[in-house]
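Visitor: I am new to this structure. Please take one part and look at it closely.

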Amino acid sequence: MRKNYTYTIYACYIGYVVQAIINNLAPLLFLTFNRSFHISMEQIGLLISINFGVQILVDWVAARYVDKVGYRFSIVLAHVCSVIGLISLGVLPFVINPYCGLVLAMVCNAIGGGLIEVLVSPIVEAAPSSSAKEAAMSLLHSFYCWGHVAVVLLSTLGFRVFGMDRWYMLPILWSIVPALNIILFSRVPIRTLVEEDEKLPAKKLLSMKMFWLFFALMICAGASEQAMSQWASMFAEEGLKQSKTVGDLLGPCMFAVLMGCSRMFYGKFGEKINLRKFMLASGSLCVISYLLAIFMKNPLLALLGCGLCGLSVGIMWPGTFSISAGLCPQGGTLMFALLALAGDVGCASGPAVVSFVSGFFPEYGIKAGLLAAIIFPAVMIALLVWNKRTIR
């Protein structure tokens with residue numbers, strides 16, 4: 001295990017499963033938080049912003065210090081924070097003020113999730129066994145989707161077995177996954193992405209127009225994905241009047257399955273596909289899927305829109321990573337960290353826009369918020385069209 005990079009790739013796959021747990025377990029409980037602890041829609045929206053806001057801060061700090069303290073120490077620390085955060089999610093709301101407990105748990109989880117996002121992509125990019133880089137990157141990111149599916153399915157089963165009154169058992173049980181991955185990351189070999197003398201200086205990277213294009217694309221990718229992902233469960237229950245089980249299975253679960261299928265498809269056939277055209281088609285489908293979810297009166301067709309949104313956003317995040325790694329190979333950990341920061345800015349912005357607009361137009365509710373979120377895939381389409389000479 002200490003010499004085989006295949007185990008390194010496996011550990012990174014599990015790392016993205018951990019991030020999926022961090023980002024997608026709490027949204028399944030938003031309505032429970034609302035009913036059990038009397039937490040408002042605005043406070044729930046703030047929890048999402050705190051999660052991704054802290055991840056943004058972690059991305060920025062990691063960009064400066066990860067290379068100095070080392071990949072191994074940082075990735076192990078990420079999983080330790082994830083374990084603490086998940087256990088806290090199930091314990092702290094009952095020990096201290098419920099909302100303060102949730103905030104503290106979110107902060108711990110966000111530190112872990114931010115570090116994972118910064119580190120796993122360059123670790124895979126640097127591993128000698130990942131020869132087809134674009135395909136390997138897409139396959140890596142697909143494990144976030146399968147982790148999301150596992151969170152929804154197993155948590156739904158857990159809610160049925162334990163009852164919603166014992167929801168706090170689920171985060172504690174999920175903490176086992178990062179705990180086991182701590183052992184794996186402590187033993188596997190890890191290479192540095194770019195040697196110190198080959199790295200692109202931060203000043204030069206930040207002066208490149210091409211980098212800021214990637215940065216904007218990542219914001220759009222994160223916002224397009226999370227605006228639907230974070231609110232799909234509540235949208236299905238409140239907006240479409242479905243039961244929690246049906247809503248979660250046909251909303252966030254189908255979203256995650258189709259997002260994973262999109263990434264697996266590109267992982268298998270990526271070398272034969274024009275990535276720019278694929279992302280353009282995905283952006284267009286994303287706009288259509290949002291419109292389906294918002295305007296279809298039939299709940300099943302509206303939920304189909306949620307699922308198609310997952311299919312459409314699947315390639316956006318790993319696709320942007322792949323383009324940037326190909327066009328700027330000397331960007332190193334700094335570039336991956338800053339792009340992760342941009343993605344987390346999007347992940348915070350998308351759900352925040354949905355929350356703000358939904359509160360501003362209460363007569364239309366969450367549908368008004370989702371309609372406003374269409375701006376993000378629309379901007380991505382515009383950026384890809386206007387920069388066709390840079391991105392081919």
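Guide: Isoleucine 123 is buried, with a relative accessible area of 1%. Buried means under 20% relative accessible area, with a 1.4 Å probe and protein chains only. This is a predicted model, in which local features need pLDDT of at least 70, side-chain atom pairs count only at pLDDT 80 or more, and totals for chains, interfaces and linings use all residues. Residues are numbered from 1 along each chain as its sequence is written, and side-chain values use heavy atoms, with hydrogens and water left out.

Isoleucine 123 sits in helix H5, residues 98-126. Helices are DSSP runs (H or I, at least four residues), numbered from the N terminus. Isoleucine 123 touches Thr8, Cys12, Tyr71, Phe185 and Ile190, leaving aside residues up to four places away in sequence. Contact means heavy atoms within 4.5 Å. Alanine 281 is 158 residues from isoleucine 123 in sequence. In space, their C-alpha atoms are 29 Å apart.

Now to other helices. H16 covers residues 332-360, 29 residues in all. H16 reaches 42 Å from its first C-alpha to its last, close to the 42 Å expected at 1.5 Å a residue. That expected span is 1.5 Å times one less than the number of residues. Of the 29 residues in H16, 22 are buried.

Helix H10 (residues 209-229) packs against helix H18 (residues 375-386) at an angle of about 150 degrees, their axes 8 Å apart. Axes are lines fitted to C-alpha atoms over the stretch in contact, and angles run from 0 to 180 degrees between N-to-C directions. H10 is therefore roughly antiparallel to H18, a term for angles over 145 degrees.

Note on methods. Helix = DSSP H or I, 4+ residues; strand = E, 2+ residues; numbered from the N terminus. Buried < 20%, exposed > 50% of the residue type's maximum accessible area, 1.4 Å probe, protein only. Parallel < 35°, antiparallel > 145°, perpendicular 65-115°, else oblique.
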